[in-house]
Amino acid sequence: MSRFIKYHKTLTIMLVVTFLSLMNTSDIEPRKIFSIPHFDKIVHFLMYFTMAFFLMFEYYLHHKHKITRIVQILLIPLFWGASMEMAQFLLTNYRGAEWWDMIANTLGVITAYFFVYIFRHNKLISYLILFPFNKRQPII
């Protein structure tokens with residue numbers, strides 16, 4: 001139960017991603033909302049960027065400010081994205097699996113890794129914004 005509490009932000013994001021991935025969007029006309037081509041790929045990128053970012057951030061906070069299992073951490077959102085694509089294909093008749101969605105998901109996860117890497121290694125950003133709980137780290 002404590003893992004659910006530790007990772008409540010990530011789990012909430014995963015539930016929202018699941019809902020958005022499996023909901024029927026046939027009533028929504030994208031042209032009325034956005035006229036950006038391939039807007040759904042941008043949404044995929046942002047959903048999986050957010051999921052991976054919060055997963056790495058929560059892992060960092062709960063494991064003594066270390067990210068030692070980065071491959072395992074990054075596999076969770078990638079596996080979740082593949083599972084959602086398969087669920088769309090197998091469980092719904094109004095959604096389909098697309099390779100381009102998986103590519104957008106993967107790019108979101110990889111980009112989140114680089115953001116966390118940069119933020120962890122920039123002392124000012126790390127101290128003031130992202131990781132203020134790490135008081136061992138000097139500002140300069």
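Packing of two helix pairs

Helix α5 (residues 70-91) and helix α6 (residues 99-121) pack at an angle of about 160°, their axes 10 Å apart. Helices here are DSSP runs of H or I with at least four residues, numbered from the N terminus. Axes are lines fitted to C-alpha atoms over the stretch in contact, and angles run from 0 to 180 degrees between N-to-C directions. α5 and α6 are therefore roughly antiparallel, a label for angles over 145 degrees.

The model is predicted: local features need pLDDT of at least 70, side-chain atom pairs count only at pLDDT 80 or more, and totals for chains, interfaces and linings use all residues. Residues are numbered from 1 along each chain as its sequence is written, and side-chain values use heavy atoms, with hydrogens and water left out.

In α5, Ile70, Leu74, Pro77, Leu78, Gly81, Ala82 and Glu85 meet Asp101, Met102, Asn105, Thr106, Val109 and Tyr113 of α6, where contact means heavy atoms within 4.5 Å. This contact has eight nonpolar, three polar and two charged residues. Nonpolar covers Ala, Val, Leu, Ile, Met, Phe, Trp, Tyr, Cys and Pro; charged covers Asp, Glu, Lys and Arg; the others, Gly among them, are polar.

α2 and helix α4 (residues 39-62) pack at about 165°, with axes 8 Å apart, and are therefore roughly antiparallel as well. Thr10 lies in helix α2 (residues 8-22). Beyond its neighbours within four places in sequence, Thr10 is in contact with Met51, Phe54, Leu55 and Glu58.

Note on methods: Angles under 35 degrees count as roughly parallel, over 145 as roughly antiparallel, 65 to 115 as roughly perpendicular and the rest as oblique.
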